[in-house]
Amino acid sequence: MFTHVIVKKPCRAMIDGITTADLGKPDYQLAMKQHGDYIQALEQCGVQVTVLEADEAYPDSCFVEDTAVLTRKFALITNPGAPSRKGEIASMIPVIERFYPKEAIEYIQAPGTLEGGDIMMVGDHFYIGISARTNREGAQQFIRALEKYGMSGEMVPLHTILHLKTGLSYIENNNLLISGEFLDNPTFSQFHHLKVAAGEEYGANCIWVNGKVLVPAGYPQTQKAIEALGYEVLVVDTSEYRKIDGGLSCLSLRF
Ligand code: CIR
């Protein structure tokens with residue numbers, strides 16, 4: 001169960017966030033409204049939401065998931081692989097220190113890089129995507145930290161997608177939303193697969209929060225498949241974040 005969530009409001013500069021999508025620039029006002037709806041959905045899941053003010057210096061800073069990995073035993077401050085995002089860490093450290101004692105905060109050190117979007121938690125085991133943003137050195141540092149606290153991690157090389165959780169979401173009870181390059185990956189064969197339908201790939205990024213699942217608006221087959229398993233689904237529109245390669249998981253840290 002999660003008790004806390006941290007989010008950061010999008011800044012006006014978000015319209016210049018890093019993107020590979022060809023969907024045009026985000027509408028900032030609509031993004032703000034969607035952010036408010038996202039917070040409301042999280043509150044419905046019974047968590048206390050800490051809302052950080054926008055940081056105009058960093059266009060992608062609303063995607064707080066990439067700056068830290070919050071486990072039940074320790075916090076990891078990352079070193080984002082995207083050069084324009086490295087500076088986001090500085091303002092997150094004091095926030096994480098409100099929730100974790102200093103001796104339970106670990107850091108990814110250069111040349112290691114790691115972004116939280118590449119980390120998928122399954123109990124005390126963590127899958128780590130090796131991507132354009134997270135390198136093997138960063139993953140090894142994280143695995144060493146996990147082992148220090150009696151947990152474990154393993155690497156999953158990525159081929160085409162941005163982050164591990166762009167294409168995979170663990171929604172507990174052995175259920176895994178899975179798409180694209182992961183479908184035939186034996187690493188995930190022990191999970192019950194919910195295959196994301198062709199054309200709904202963006203819907204693979206959902207979040208489980210205390211028994212409910214937040215699903216992006218506009219992915220009806222994915223939504224139905226999750227509901228069919230008995231989950232209560234909360235639909236949240238993230239259209240403006242999709243334009244800068246962001247989704248539901250990227251917008252929060254859940255712990
Ligand atoms: C970026 O490219 O870094 C942002 N525009 C999107 C980050 C998405 N974060 C995530 O999947 N965890």
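Here is a short walk through the pockets, cavities and ring contacts of this model.

Before you click anything, know that this is a predicted model, where local features need pLDDT of at least 70, side-chain atom pairs count only at pLDDT 80 or more, and totals for chains, interfaces and linings use all residues. Residues are numbered from 1 along each chain as its sequence is written, and side-chain values use heavy atoms, with hydrogens and water left out.

**Stop 1: the largest pocket**

Select I161, L162, T166, Y202 and D245, which lie nearest the centre of the largest pocket. A pocket here is an open set of points on a 1 Å grid over the protein atoms alone, with protein on both sides within 12 Å along at least five of seven lines; a cavity is a set where a 1.4 Å probe fits but cannot get out, and lining residues have an atom within 4 Å of a point. The space in this pocket is about 530 Å³, a volume being what is filled by probe spheres set on the points, which are joined across faces, edges and corners.

Now show helix α4 (residues 164–167), which gives the most to this lining, with 3 residues. Helices (H or I, at least four residues) and strands (E, at least two) are DSSP runs numbered from the N terminus. Colour the lining by class and you get 9 nonpolar, 14 polar and 6 charged residues. Nonpolar covers Ala, Val, Leu, Ile, Met, Phe, Trp, Tyr, Cys and Pro, charged covers Asp, Glu, Lys and Arg, and the others, Gly among them, are polar.

**Stop 2: an aromatic link**

Next pick F63 and Y241, an edge-to-face aromatic pair with 6.2 Å centre to centre and 80° between the planes. Rings of Phe, Tyr and Trp (its six-membered ring) pair if their centres lie within 6.5 Å; planes under 30 degrees apart are stacked, over 60 edge-to-face, and the rest tilted. What does this pair tie together? F63 is in the loop between β2 (48–52) and β3 (68–70) and Y241 is in helix α6 (residues 239–242), so the pair joins parts that are 178 residues apart in sequence.

F63 is buried at 3% relative accessible area, and Y241 is buried too, at 1%. Buried means under 20%, exposed over 50%, and partly exposed in between (1.4 Å probe, protein chains only).

**Stop 3: the cavities**

Keep F63 on screen, as this residue is also part of the lining of the second largest cavity, along with others including D60, R85, H163 and C250. This cavity has a volume of about 90 Å³.

For the largest cavity, select E65, I119, M121, K165 and R254, the residues nearest its centre. About 380 Å³ of space lies there, and the lining holds 14 nonpolar, 5 polar and 4 charged residues.

**Stop 4: the second largest pocket**

M121 comes up again here: M1, F2, T71, R72 and M121 lie nearest the centre of the second largest pocket, which has about 300 Å³ of space.

N210 is in the loop between β12 (207–209) and β13 (212–216) and is buried, at 14% relative accessibility.
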